[in-house]
Amino acid sequence: MSKINENYLNLQGSYLFAEVAKRTAAYKAAHPQEQVISLGIGDVSRPLVPAVVDAMKKACDEMGQAGTFRGYGPYEGYDFLRNAIARHDYQARGINISADEIFVSDGAKSDVANFQELFSADSRVALQDPVYPVYLDTNVMAGRSGIFEEGQFKNIIYLPCVAENNFAPELPQAHADLVYLCSPNNPTGSVLSAEQLKKWVEWALEHQAVILYDSAYEAFIRQDGVPHSIFEIPGAEKCAVEFRSFSKTAGFTGTRCAYCVVPKALQIYDENGTAHSANALWMRRQSTKFNGVPYIIQRGAEAVYSPEGLQQTREIIDGYLANARVIAGALKKAGFTAYGGENAPYIWLKTPQGVSSWQFFDFMLQELQIVGTPGSGFGHSGEGYFRLTAFNTPELTEQAAQRILKLK
Ligand code: PLP
């Protein structure tokens, strides 16, 4: 008899987006004349930039010629891309990360989901609440969560991120071995300062813990002084891994390319306290389970770092950030308290006193025909908040803002 991995039965239903879709579809069916605007989407709306498309076409031609055709590529990514990443995203910022610490992948989702495999089943996990659900669910699958009771898993350490602490997680009271931090944050749109990251790095070094740092939205950082990488903090190379993605940086959500930085100085320990290189273990894992990102896609990602690619992708992100300002401005004028949107494509607003996240969802849909995402769907501490995204077109974003202003 085939037996199930019981941990999968511990997963809570992915109720959030299914329920959003269900309520939206029901409303549209009952009101076919209304134009519903989605500010719930976490996907980009602008196409790949010309510099990327040109590079991909050229790579496509190479693949059609015997002399330049390529089969399986390196598991960890082609050197041309790893070198470009190391140079532009790290060395140009004075951060000492080299190409052999970079692993190219098909997504930050896969990387943040898979990296936990390197750690023992009894590792204690801490994560921000509200949270990008992948960190939690993959640890549930791995059997680290304990049972689900009263809305939370017993063995997970939840770090509330709410307006009262400026959405910055406080250090865990109990011991943790792994901590997921996300900055710029999905869903709250907040960023962690150098001061805050320094506190986390010191804590991780002291506890021999590892920080899994997700900076998939790094390209949205515009404020001076906000760290772009955890490796700006001295000592982080001994206690952190960083995940980045071309998805939101350059519109690769459908094309798939990302990378993970595993410093050679990062060590993890066996039962006897003997240290092992996380970089070598991750290489072993990737070479066993992953056959690399397509050559054509990696050439496209490399072109993001060309002068034209940098300029073209920056303009697109500026456009999304302009959308964020339009939404946040309208919300504030209408009397809401709204956070985020300055260094992130997410606006996180406080629902009115006594109105739950789902009640606010229904209100926005029925009164303004705007779809957002209820904060409670991202975790316990997201209750009383609501997420709007800046990824729609400028035209529809402006229309949504006009509707919000009617609430003034
Ligand atoms: N990390 C965060 C915080 C995200 O919000 C997302 C996507 O929404 C991802 C990772 C996934 O990125 P990718 O498209 O590279 O898999």
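Biologist: How many Å separate the centres of domain 1 and domain 2?

Modeller: Taken over C-alpha atoms, the centres of domain 1 and domain 2 are separated by 25 Å. This is a predicted model, numbered from 1 along each chain as its sequence is written, and side-chain values use heavy atoms, with hydrogens and water left out. Local features need pLDDT of at least 70 and side-chain atom pairs count only at pLDDT 80 or more, while totals for chains, interfaces and linings use all residues. The bounds, from an automatic or database domain assignment, are 6-47 + 308-405 for domain 1 and 53-306 for domain 2, and the separation of centres is 25 Å.

Biologist: How many residues does the contact take from domain 1 and from domain 2?

Modeller: Contact here means heavy atoms within 4.5 Å. On that basis it takes 34 residues from domain 1 and 46 residues from domain 2.

Biologist: What area is buried between domain 1 and domain 2, and which three residues of domain 1 supply 20% of its share?

Modeller: Buried area is the accessible area (1.4 Å probe) that two parts lose on being put together, summed over both. For domain 1 and domain 2 that comes to about 3200 Å², with carbon and sulfur atoms giving 59%.

Biologist: Which residues form the salt bridge between aspartate 318 and its partner, and how far apart are the closest N and O atoms?

Modeller: A salt bridge is a side-chain nitrogen of Lys or Arg within 4 Å of a carboxyl oxygen of Asp or Glu. The structure holds 15 of them, and the count between domain 1 and domain 2 is one. Aspartate 318 pairs with arginine 222, and their closest N and O atoms are 2.8 Å apart.

Biologist: Which element gives the largest share of the side of domain 1 that touches domain 2?

Modeller: Helices (H or I, at least four residues) and strands (E, at least two) are DSSP runs, numbered from the N terminus. Elements giving two or more residues to that side include strand 13 (338-340), strand 14 (346-350) and strand 17 (385-389). The largest share, nine residues, comes from helix 10.

Biologist: Why are glutamate 19 and lysine 22 about one helical turn apart?

Modeller: Their side chains meet in a salt bridge at 3.8 Å, N to O. The separation is about one turn because glutamate 19 and lysine 22 are three residues apart in helix 1 (residues 15-30).

Biologist: Where are the cis peptide bonds, and what is omega for each?

Modeller: Most peptide bonds are trans. Proline 130 is in the loop between strand 3 (125-129) and helix 5 (133-141), whereas proline 187 is in the loop between strand 7 (178-182) and helix 6 (194-207). The cis bonds join aspartate 129 to proline 130, with omega about 10°, and asparagine 186 to proline 187, with omega about 15°.

Biologist: What is the phi of glutamate 150?

Modeller: Most residues other than glycine have a negative phi. Glutamate 150, in the loop between strand 4 (148-149) and strand 5 (152-153), has a positive phi of about 50°.
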